[in-house]
Amino acid sequence: MEKINKRSKLYLTLVFIVLYAPIFFLIFYSFNSGDSMTNFQSFTLSHYKDVFSDNRLVVILLNTIVVALLSALFATIIGTMGAIGIQTMRNRKLRNTVLSLNNILIVSPDVIIGASFLILFTMIGLKLGFMSVLLSHIAFSIPIVVIMVLPKMQEMSNSLIDAALDLGASKKEVLTRVILPYIQPGIFAGFFMALTYSLDDFAVTFFVTGNGFSTLSVEIYSMARAGVSLTVNAISGLVFAVTMLLVIGYYFVTNRKMKGVR
Amino acid sequence: MQSKRGSLTLVPYYIWIALFVIAPIILVGYYSLLDLDGHFTLENYQNFFTPVYLKMTLSSFWYAFIITVICLLISYPAAFIISRLKNKQLWLMLIIIPSWINLLLKTYAFIGIFGQSGPINAFLSTIGFEKQQILFTSVSFIFVSVYIFIPFMILPIFNSVDKLNRGLLDASRDLGASRLYTIRRVMIPLTMDGIKAGIQAVFIPALSLFMITRLIAGNHVITLGTAIEQQFLVTQNWGMGSTIAVFLIIFMFIIMVITGEQKKKKGAARNGKN
Amino acid sequence: MKNLVKASIAILVVCVALIFITKSLDTNASKSGKNILTVYNWGEYIDPALLKKFEKETGIHVVYETFDSNEAMITKVEQGGTNYDIAIPSEYTIEQMKEKDLLLPVDHSKIPNLKNIEPDFLNLDFDKNNSYSIPYFWGTVGIVYNEKMLTKKLDFTSWDQLWDPSLKGKVLLVDSAREVLGMSLNSMNMSLNETDSTKLQKATDKLIDLSPNVQAVIGDEVTQLMVNGDAPVALTWSGQAADMMYDNEDLTYTVPDEGSNLWFDNMVIPKTSKNVDGAHKFINFMLDPENAAQNADYVGYSTPNKAALKLLDPEVTSDERYYPSAEVRKNLHVYKNLGKEKIGEYNELFLKFKMSLK
C-alpha cells in the first residue's frame with residue numbers, strides 16, 4: 001500500500017467534516033436545556049432521561065431497527081437473485097425493459113408509492129401494521145440493491161464461469177463458489193443502501209402503517225407542526241453513538257482475529 | 001443452461017415486479033385519466049403541457065443534472081482515495097453511517113447551520129465579512145441534495161475503483177502517458193460500470209426530490225416531485241398528480257434507453273477483447 | 001458465500017431478539033383485548049400525561065398514532081385498515097369528511113362537559129349543532145414580527161404593510177394556498193372564501209407583486225427560523241406564533257384590522273371506530289376543565305374551554321394575542337369548504353405565485 005499524499009488526506013477529511021457536521025449539530029442540541037434546536041441555554045442530560053422513561057419511543061425505535069434490518073436482508077436476497085438473473089438474460093430488449101421497470105420505484109415520489117401500496121394492501125385485505133410496512137420496505141429497497149449488484153455482475157467475465165463449469169463444477173457450485181464471492185462487495189453495498197432507504201422513509205410508511213405500529217420517521221414528521229422535541233435528538237444521538245461503537249468495535253475485533261490467524 | 005438458472009433466480013424478482021411495480025403503474029395510469037369528479041378525461045395531460053409544468057420539468061432536469069455532476073466530481077476522487085486507504089472497508093462504512101440519521105432532523109440541522117445566527121455566518125462575521133443569506137438559495141439546495149446523495153454515488157464507484165488494477169495505472173504512467181491521459185483513457189473507461197450505477201442511483205431520484213425544496217430552498221426551487229406531492233396531499237387531485245408521475249416514468253424510460261444503447265456498444269467492444 | 005450466510009443469520013438473530021424486547025416493553029401487545037381506544041392526532045399535540053390519566057380513570061387502553069397533515073389523515077381513514085376511534089382534524093377537513101361520510105355523529109348526552117365550551121365556538125357553519133365534532137383548540141392567522149429587526153417601524157395593523165419596500169427579501173409565508181391567497185384577498189377587503197375567478201386572479205397578481213419581499217415559502221420550520229432571527233416577519237398561525245414567542249421575547253403577534261381566518265381543530269369520531277363509547281368518554285375527559293387547562297398549558301395553543309380559562313395563567317388568558325376579544329373575533333372568518341374545483345383553482349394560482357419567486 002503506497003502512501004496517500006497530504007492533499008488527498010485533506011480532501012477526504014473535508015468530505016467527512018461536511019458529512020458529519022449536521023449530526024454533531026443535532027447531538028450538540030440534544031444537551032440543550034431549552035426545548036428546541038435554537039439558542040443553546042445550558043447543559044442538561046434530561047432529554048436522555050426522557051428517552052428511557054418513554055417506553056413508547058423506545059418501542060418505536062426498536063420497530064424501526066427491526067423493519068430496516070429485515071427489509072434490507074430480504075430486499076438484498078431478492079435483488080441479488082434478480083441481478084444474477086438479469087445478467088444471464090440473452091434478450092437485450094427484454095433486459096432493458098426489466099431494468100427500466102426496476103427503476104420505476106426509484107423515480108416515483110414516495111406519496112405515489114405509499115398511496116398505491118395502501119390501495120393494494122387494502123384490496124387484498126392485508127392487515128395494516130408490521131407486515132404491511134415490512135413488505136413495502138422490501139419492495140422499494142429491491143431496485144437499489146439491483147443497481148448496486150449489477151455492475152459487479154457485468155464486470156465478472158463469462159469466461160470465469162465457463163472455466164468453472166469446464167472444471168466440472170455444478171451449477172450450484174458455480175453460484176456459491178464463483179459468482180457470489182465475486183459480487184459480494186456489491187451485495188454488501190446493496191444491503192447498506194437498502195438499510196438507508198428503510199431508515200429514512202417517511203411517506204410510504206405513513207400510508208401503509210396502522211394499528212398502533214409506527215416508525216421513528218413517522219413520529220418525527222408528525223411532530224413538525226408543534227415542534228420536534230429534543231428527545232428525538234437524544235435518541236438519534238444514542239443510535240449514532242451505538243452504531244459507531246458497533247462498527248468500529250466489530251471492525252477491530254475481526255481485524256485482530258484475521259491477523260492472529262495469519 | 002445458464003438461462004435456466006437465470007429464470008429460476010428471477011422468480012421472486014418477477015413476483016415483486018408484478019405486485020409492486022406493474023400494479024402501481026396500472027393504478028397511476030388509471031388515475032391519470034380521471035378528473036376531480038372521477039370521470040374519464042384527457043384534461044390532465046393537456047394541463048401538463050402548460051408553461052407552468054413545462055418550466056417545472058426543465059428546472060427539475062437542470063437541478064438533477066447539476067446535482068449528479070457535482071456528486072460525481074466529489075465522489076470519484078473520494079472513492080479512489082478510500083480504496084487506497086488501509087482500513088478501506090471501515091472508512092466506507094463511515095461514509096454511509098450519516099445517512100442513517102433521520103433526514104428531517106438533518107435538514108433542521110442544516111437550517112440551523114446555514115441560518116443568520118448559525119456557525120457559518122458567525123464565522124463570516126468574525127473574519128470581517130457581512131452576513132450572507134445562505135438559506136433559501138439554489139446554492140444551499142444543491143449543497144444539501146448533494147449531501148444526501150453522496151453515499152449513493154461513492155458506493156458503486158468504490159466497488160469498481162477498488163478492483164482497478166494498480167499495475168495498469170503504473171504501466172500507463174511508465175509508458176509516458178500524462179496523469180490526465182491515464183485518468184481519461186485508462187481509469188474512467190475501466191470503472192464506467194460503477195460510474196453508471198452511481199448516476200442511476202442519483203439522477204433518477206434527484207428528479208423527484210421534494211421536502212428539501214421547501215425546507216432548504218423555501219419553494220424558490222420547485223421540482224416535479226414537489227408538484228406531485230402537492231397534488232396528492234394538498235389539492236387532493238390524484239388525477240393530476242398521477243399524470244405528472246406518468247411523465248416522470250416516461251422520462252426515466254428515455255434515460256434508460258439512452259444508457260442502454262451505450263451499453264450495447266461497450267459490450268461488443270469487450271467481447272472483442274475477450 | 002459463508003460470509004453471506006453468516007451475516008444473514010446474525011441479522012435474523014438480532015431481529016428476533018429485538019422483537020422479543022419490543023414485545024416485553026410494548027404494553028399495547030399485552031393488552032390486545034377489546035378495551036382499546038385508538039387516537040389519531042398531530043404529533044406533540046396532547047400532553048402524554050393526560051393519556052396516562054385517562055387510562056387510569058377509565059381502564060381503557062389508549063393506542064396513540066400521529067399524522068402530519070389533514071389530507072394524509074383522510075386518506076388513511078378512508079382506506080380503513082385501522083380502527084381509529086378519535087381523530088383531531090382541522091375544520092375544513094371535517095367538512096370534507098362529512099361529505100365523504102367518514103364520521104359518526106357525536107352523542108351530546110354522553111358529553112356533559114360540553115357545557116364548558118364557550119358558546120361562541122359552538123354551532124359554527126362547518127358543523128351545525130356540533131353534530132360531528134367538538135372543539136379541541138382554536139386560533140387565528142396573523143403576522144409574527146421581530147421589532148428589533150425591522151429597519152422601518154411597522155405595526156402590521158394592515159396586511160398591506162407586508163408589501164412595504166423596506167421588507168425586501170424579509171417575509172416568510174406559510175406553504176398553504178388558502179392562508180396566503182386569503183391574506184391577499186383580506187388585504188383588498190375581499191372575503192377569504194372568495195369564489196369569483198377574476199377576484200382570485202386579482203389577489204394572485206397582488207401576491208406576485210409581493211414576491212420581491214418573500215424570503216421563502218415554508219412549512220413548520222417557520223418556528224425555528226423566526227426564533228433564530230433568520231427573518232423579521234412571517235405570516236403564520238397563532239399556535240405556532242405562541243411557540244415562537246415562548247422561545248424569543250422580541251417577537252410579537254398581531255392580526256391586521258382587515259380581518260383574517262379563524263381556525264379550529266376539533267375532535268371527531270371516524271366511521272372506523274370500534275369503541276364509540278370509549279370515544280365519547282375520551283371527548284368528555286378532554287373537556288374537563290382541569291384536563292383542558294393542563295393540555296393547553298402543555299401544547300401552548302388557545303383552548304375553547306371557558307371553564308379551563310379560569311385555571312390558566314391570567315397573564316396568558318388576558319393576552320389579546322392568544323385570546324383576541326370578541327370584537328376582534330367579529331372580523332375573523334372560518335374557511336368554508338369551497339369544493340374540490342375551487343380548492344384546485346386556489347392551489348393552481350398559489351403554484352403560479354410560487355413559480356414567480358426568484
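The model is predicted. Its scores are ipTM 0.85 and pTM 0.87. For chain C, the mean pLDDT is 90, and 97% of the residues reach 70 or more. Where pLDDT is low, the predicted coordinates should not be read in detail.

Start with chains A and B. Their contact draws on 96 residues of chain A and 91 residues of chain B. Together the two chains bury about 8,600 Å². Carbon and sulfur atoms account for 77% of that area. On the side of chain A that touches chain B, 68 residues are nonpolar, 18 are polar and ten are charged. What does the polar side of this interface look like? Ten residue pairs are in polar contact between chain A and chain B, both residues having pLDDT 80 or more. The count of salt bridges across the interface of chain A and chain B is zero.

Now move to chains B and C. Here 28 residues of chain B meet 30 residues of chain C. The buried area is about 2,700 Å², and carbon and sulfur atoms give 53% of it. On the chain B side, three residues lose the most area to chain C: B:L36, B:H220 and B:Q236. Together they make up 21% of what that side buries.

One salt bridge crosses the interface of chain B and chain C. Its partners are C:E221 and B:R214, with their closest N and O atoms 3.4 Å apart. Which elements of chain B give two or more residues to the side that touches chain C? They are α3 (51–83), α5 (103–114), α11 (212–215) and α12 (224–233). The largest share, four residues, comes from α3(B). By residue type, this side of chain B divides into 13 nonpolar, twelve polar and three charged.

Next come the salt bridges. Side chains of opposite charge can pair when their charged atoms come close. Over all chains, the structure holds 18 salt bridges. One of them joins C:K148 to C:D250, with 3.1 Å between the closest N and O atoms. C:K148 sits in the loop between β5 (133–146) and β6 (171–174) of chain C, and C:D250 in the loop between α9 (238–247) and β9 (251–254), so the pair ties together parts that are 102 residues apart in sequence. C:D250 reaches 30% and counts as partly exposed.

A second bridge pairs the side chains of C:K152 and C:D164, at 2.6 Å from N to O. Both C:K152 and C:D164 lie in the loop between β5 and β6 of chain C, twelve residues apart. C:K152 is partly exposed at 41% relative accessibility. C:D164 is buried, because its relative accessible area of 11% is under the 20% cut-off.

C:E194 is buried, with a relative accessible area of 13%. C:K199 is partly exposed at 35%. Elsewhere, C:K110, C:D277 and C:K281 are joined into one network by salt bridges that share partners.

Finish at C:N193. Where does C:N193 lie? The residue is in the loop between α6 (177–187) and α7 (197–210) of chain C. Is C:N193 buried or exposed? The residue counts as buried, because its relative accessibility is 12%. Which residues does C:N193 contact, leaving aside neighbours within four places in sequence? The partners are C:R178, C:V334, C:Y335, C:K336, C:L338 and C:Y346.

Methods:
Residues numbered from 1 in each chain as written. Chains lettered and ligands numbered in written order. Heavy atoms only, no water. Buried < 20%, exposed > 50% of the residue type's maximum accessible area, 1.4 Å probe, protein only. Contact = heavy atoms within 4.5 Å. Buried area = accessible area lost by both parts, 1.4 Å probe. Salt bridge = Lys/Arg side-chain N within 4 Å of Asp/Glu carboxyl O. Polar contact = N/O pair within 3.5 Å; in protein donor to acceptor, adjacent residues only side chain to side chain. Nonpolar A, V, L, I, M, F, W, Y, C, P; charged D, E, K, R; others polar. pLDDT = per-residue confidence, 0-100.
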